[in-house]
Amino acid sequence: MFPIHRHPHVAEALEQGRPVVALESTLLAHGLPRPGNFETGRDLEEVVRRHGAIPATIALLDGVAHIGLSGEELRRICDAPDLTKLSLRDLPIAAALGRSGATTVAGTAALASAAGISLFATGGLGGVHRGARDSFDESADLDVLARTRIVVVCAGVKSILDVPATLERLESLSVGVVGYQTSAFPGFYVTESGSMLDWRCETPEEIAQVFAAADGFSPGALVVANPLPLDRQMDPGLHDTVLSFAISAAVEAGMTGKDVTPYVLDRLHIASNGRTQEVNVDLVHRNAALAAEIAVAYTKLDD
Ligand code: PSU
Ligand code: MN
């Protein structure tokens, strides 16, 4: 059996049918620079609580998946300089070998769902990388979302990806995507990616109903795309400039596989003077808040 430990607060909330929101650890360990990442991790948990749900940050510690971390455990994840990035396929291997690591969207979604959690907040999904036609680099996030019952609130997909191709793959995989109060698929650091969506929802209650409507029928996730308001997005001109710089830097440095994302995010941070990080933190906060509101609405559906 895969070892899963639910933090007592999380276990209690789930047993009582109270709202719980899963939070991803890779975005803290590999997506944001130390030492500010710990504060962000703690703040995200606080945002979830303020919106009426119990936070469960997920990571693998000494071979055991933890659903909900203590302050000490969160610190371990945020401070470790060379923490392993764990997707779903890595989890059984790392667990059996007693290792620790941060979980990606794929890893976190699978663990959250196994633990009985229906809501998950993150920054941006992984997806189809530019140049995937040659490299075959498509994140396992997509495949896992196709077979995991969970609502994932995100600000789109990482803007370093091929966004239209990622949306095509989500369609092929029958993963539902709805915009939150928008028909424009968000572009992570920027409000709009240039791609449009077929469906939008206006309230957390509507989203909860949409997710419930797939119960026992459709096996996959529901992706909720929550854009930054225009006045909080990154300047699109700056965005395009630093993005092409960061992507060429990754190619020149010979980055491949799971090292690509952390490398590009780090280059973006440097090239934008910290602006990408600021925007990243802002959008994850907003996603955590919306996920908590949906979690609350979802638990009320049974009343
Ligand atoms: N988006 C970000 N920061 C991140 C990630 C996504 O803005 O750190 C992480 C997520 O954990 C996502 C992972 O699941 O990157 C995808 O990595 P890969 O492309 O190697 O599957
Ligand atoms: Mn990849």
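Which polar backbone atom lies 3.2 Å from a nitrogen atom of ligand 1? The backbone atom belongs to Gly 124. This is a predicted model, in which local features need pLDDT of at least 70, side-chain atom pairs count only at pLDDT 80 or more, and totals for chains, interfaces and linings use all residues. Residues are numbered from 1 along each chain as its sequence is written, chains are lettered from A and ligands numbered from 1 in the order written, and side-chain values use heavy atoms, without hydrogens and water.

View 1. A polar contact here is a pair of N or O atoms within 3.5 Å. Taken alone, ligand 1 exposes 480 Å², and the protein buries 94% of that (Shrake-Rupley areas, 1.4 Å probe).

**View 2. The shell around ligand 1.** The ligand is surrounded by 16 residues, each with a heavy atom within 4 Å. The closest are Glu 24, Lys 85, Val 105, Ser 139 and Asp 141. By type, the shell divides into 4 nonpolar, 7 polar and 5 charged residues; Gly counts as polar in this scheme. Helices α2 (26–29) and α12 (260–271) each supply at least two shell residues. Helices are DSSP runs of H or I, at least four residues long, and strands are runs of E, at least two.

View 3. The whole structure holds 15 salt bridges (a Lys or Arg side-chain nitrogen within 4 Å of an Asp or Glu carboxyl oxygen).

**View 4. Backbone features at Pro 35 and Ser 174.** The peptide bond from Arg 34 to Pro 35 is cis, with omega near 0 degrees. Pro 35 sits in the loop between α2 and α3. Ser 174 is not a glycine, yet has a positive phi of about 60 degrees. Its loop runs between α9 (163–172) and β9 (176–180).

Note on methods: A polar contact is a pair of N or O atoms within 3.5 Å; within protein, one must be able to donate a hydrogen and the other to accept it, and residues adjacent in sequence count only if both atoms are side-chain atoms.
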